[in-house]
Amino acid sequence: MRVPLEWLSEYCDPGLDVATIEERLTMTGTKVEAVHRHGVPSPEGFVVGRVLSVTPHPDADRLKVCEVDVGSARSAAASSTGSPAAADPGSGGTDGPATIVCGAPNVATGQVVAVALPGATMPDGTKLKAAKLRGVASAGMIRAEDELAIGPGHEGILVLDALAQAGALPAVAGLVPGAPLAGVLPIGTQVIELEVTPNRPDCLGVYGVARELHATTGAPLADPPWAHDLGSAGPLLGAEVSVECPELCPRFTARVFEEVSIGPSPPWLKARLTAAGQRPINNVVDITNYAMLLTGQPLHAFDLDRVSGAKLTVRRAHEGERVVTLDGQERVLDSDMVVIEDEEGPTSIAGVMGGARSEVAEGTTRVLMEVATWDGPNIHRTAWTLGLQSEASLRFEKQLQPEQAMTAQAVATQLMSEVCGAKLAPGTIDVGGTGPPTATIRLREARVAGILGAPIPRERCDRILRSLEFTTADAADGLDVSPPYFRRGDVTREA
């Protein structure tokens, strides 16, 4: 599990350096395997610029010579780095606009852009220098999103004011020439890589890791991102779900979104996905991956207009049944596997991978968002039999709990509205409902001291457990403790 610290700090920020965070998490059982740097190693030298003019390069058809206002950032960069631009008369010194040679087809006068000045260090470790390109001095570069490691796009430069006007960035007022780019875009973050044990699927979500960090540091924990659900309970018209094998699908939820506009995700969403090891695809698919990484609960989006009969049925597969999955491969199933089908046949291998026939694509306007709970051992067997382990199956096989389905629905609902401009249809399909109440376990003070070899005051035990969302009550010889729903399958006895 890769957890970007920039994202983690949104929910719990103890104000500690990454080495201390690594030690605290590892000592409490959430082992940090490695710490990586994603994006630029340092934000120095990356600024907001405004393109003042664009003229053809005198000696290269595909290049343009741009005059870019970068405020006072250019002279500051030159004085701090000893940039050759300060001494090269061909670059115009460090006063006034920067002359930058650019090959992007979409660069135009008036744009607000992302600029890397001489001295800036790129994501691959290369230090940018002033240079001459076909005889024209260039004092920096105008960047595309992949050159900042915030997404895969390389077809053109980032146009910040256009993104801001579309609601994909903070207000246009903050896009001042010379302002630090890190204040506008998440261009760099440290990433902790966790080894999550099979009994702790709650730590396969950013918020679950934030909860652990809160418990071990005492730093405040923000409200869960699913605390305010824009959706509603009750019947959902226009779609239907039937579950024929409830022993393998304890809960199946679905919501419908209309007037969906498919397109690229905003830079902040792409940046977090990329830092977490996911490849951005389109806004709807990215929302499912984002919600999964945040909550630990996988989701799947169907193009509702491609679901035959607008009805989904969850059943055991027939022996030898075939499904073409999203990776374009045909999979041969057996009767111990579970499929989701419409009136034309299977559309997905439950808990493992969706099918190509009903995938969200360009032109999709209606989305059915499915969030379900599957039997962990069954998903583990299916994934290994098919040789098809996915981010979803790796979570489901650790046995997620039915309550987690609605946490992911709430997050996805918010994002579908904000990012896609989607209209949520009233109601929620919910087959199966929540899981059983968690057990109450007696935690005896004498037993704690006997196992650990040192007494732990009852008040300290109570504080630790409550910080991890356990409920506690005083008992004659210790505490009566009930685990939260997401630890139902993990904590079953006193030790």
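How much space lies in the largest cavity? About 100 Å³ lies there, in a predicted model where local features need pLDDT of at least 70, side-chain atom pairs count only at pLDDT 80 or more, and totals for chains, interfaces and linings use all residues. Residues are numbered from 1 along each chain as its sequence is written, and side-chain values use heavy atoms, without hydrogens and water.

The structure holds four cavities of 30 Å³ or more. A cavity is a set of points, on a 1 Å grid over the protein atoms alone, where a 1.4 Å probe fits but cannot get out; lining residues have an atom within 4 Å of a point. Volume is the space filled by probe spheres set on the points, which are joined across faces, edges and corners.

The lining of the largest cavity includes D202, W226 and Y485. Helix 5 gives the most to this lining, with three residues; helices are DSSP runs (H or I, at least four residues) and strands likewise (E, at least two), numbered from the N terminus.

The second largest cavity holds about 60 Å³. Strand 10 (188-195) and helix 6 (267-275) each give two or more residues to its lining, and helix 6 gives the most, with three.

Helix 5 (residues 206-217) also packs with helix 2 (residues 18-27): their axes come within 10 Å and cross at roughly 95 degrees. Helix 2 is therefore roughly perpendicular to helix 5 (65 to 115 degrees), with axes fitted to C-alpha atoms over the stretch in contact and angles running from 0 to 180 degrees between N-to-C directions.

Technical notes. Parallel < 35°, antiparallel > 145°, perpendicular 65-115°, else oblique. 1 Å grid on protein atoms, 1.4 Å probe; cavity = no way out; pocket = protein on both sides within 12 Å on 5 of 7 lines; lining within 4 Å.
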